[in-house]
Amino acid sequence: MARSKTSKKWMEEHVNDPYVKKAQMDGYRSRASYKLIEINEKDKLFRAGSVVMDLGSAPGGWSQIVAPVVGDSGRVIASDILPMDSIIGVDFVQGDFTEEAVYDEILRVLNCDAVDTVISDMAPNLSGVKSTDQYSSMYLVELALDMARNVLKPGGSFCAKVFQGVGYDEYVKEVRSAFKQVLIRKPAASRPRSREVYIVAKGFRA
């Protein structure tokens, strides 16, 4: 079946994307790695010794950035429905964390450690229907916030990809109610035409 003009355009844009090329040169699994690098340089979400939970982690671009920073004294617990190749210093749990068995396995791996930071770059499989995709993306980011509320230690941090649209303003208000400081970031590696932004929240009100 012939590709649509939209998919052809996306593929051309992807292949020519400077961050895609840079990721290949730097050995990163995803161009999204540069988004987290920039956010952490500004907001100091994790450092040596931090315990970080990475939701929607596959293919591992964010875990790949976090693990060397937190080092041997820290931990990274990653989870995704999709498989992910192993990364040194990362404990990976495959499955849907909304399912009790998967959630329990994440907690088992966490082993009662208090989490300093929850990060999420989750996005739904796009249907092409804007309203449907927006509701799906907001559902995922709500799940990420629920997880953060359950595992973060007092004063902990949260960072998640959010798409601006229906439900966005209400979600930001919800995050503000749970954290002392909330910032909206649009990293340079985020395509300008994309509605994605990253909500950065610090000072969890446990």
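This is a predicted model: local features need pLDDT of at least 70, side-chain atom pairs count only at pLDDT 80 or more; totals for chains, interfaces and linings use all residues.

User: How many salt bridges does the structure hold?
Analyst: There are 11 salt bridges in the structure.

User: Why do side chains pair like that at all?
Analyst: Opposite charges on side chains can pair when the charged atoms come close.

User: OK, what does lysine 42 meet in a salt bridge?
Analyst: Lysine 42 meets glutamate 38, with N to O at 3.2 Å. Both sit in helix H3 (residues 33-43), four residues apart, so about one helical turn separates them.

User: And how accessible is lysine 42?
Analyst: Lysine 42 is partly exposed, at a relative accessible area of 48%.

User: Switching over: which residue does lysine 153 form a salt bridge with?
Analyst: Its partner is aspartate 116, and the closest N and O atoms are 2.5 Å apart. Lysine 153 is in strand E5 (residues 152-163) and aspartate 116 in strand E4 (residues 115-120), so the pair ties together parts 37 residues apart in sequence.

User: Is aspartate 116 buried or exposed?
Analyst: Aspartate 116 counts as buried at 16% relative accessibility, while lysine 153 is partly exposed at 34%.

User: What about glutamate 196, what does it form a salt bridge with?
Analyst: Glutamate 196 pairs with lysine 161, the closest N and O atoms being 3.8 Å apart. Glutamate 196 belongs to strand E7 (residues 196-204) and lysine 161 to strand E5, 35 residues apart, so distant parts of the chain are linked. Glutamate 196 is buried at 6% relative accessible area, and lysine 161 is buried at 10%.

User: Which residues are linked in a network with those two?
Analyst: Lys35 and Asp121 are linked with Lys161 and Glu196 in a network of salt bridges.

Note on methods. Residues are numbered from 1 along each chain as its sequence is written. Side-chain values use heavy atoms; hydrogens and water are left out. A salt bridge is a side-chain nitrogen of Lys or Arg within 4 Å of a carboxyl oxygen of Asp or Glu. Helices (H or I, at least four residues) and strands (E, at least two) are DSSP runs, numbered from the N terminus. Buried means under 20% relative accessible area, exposed over 50%, partly exposed in between (1.4 Å probe, protein chains only).
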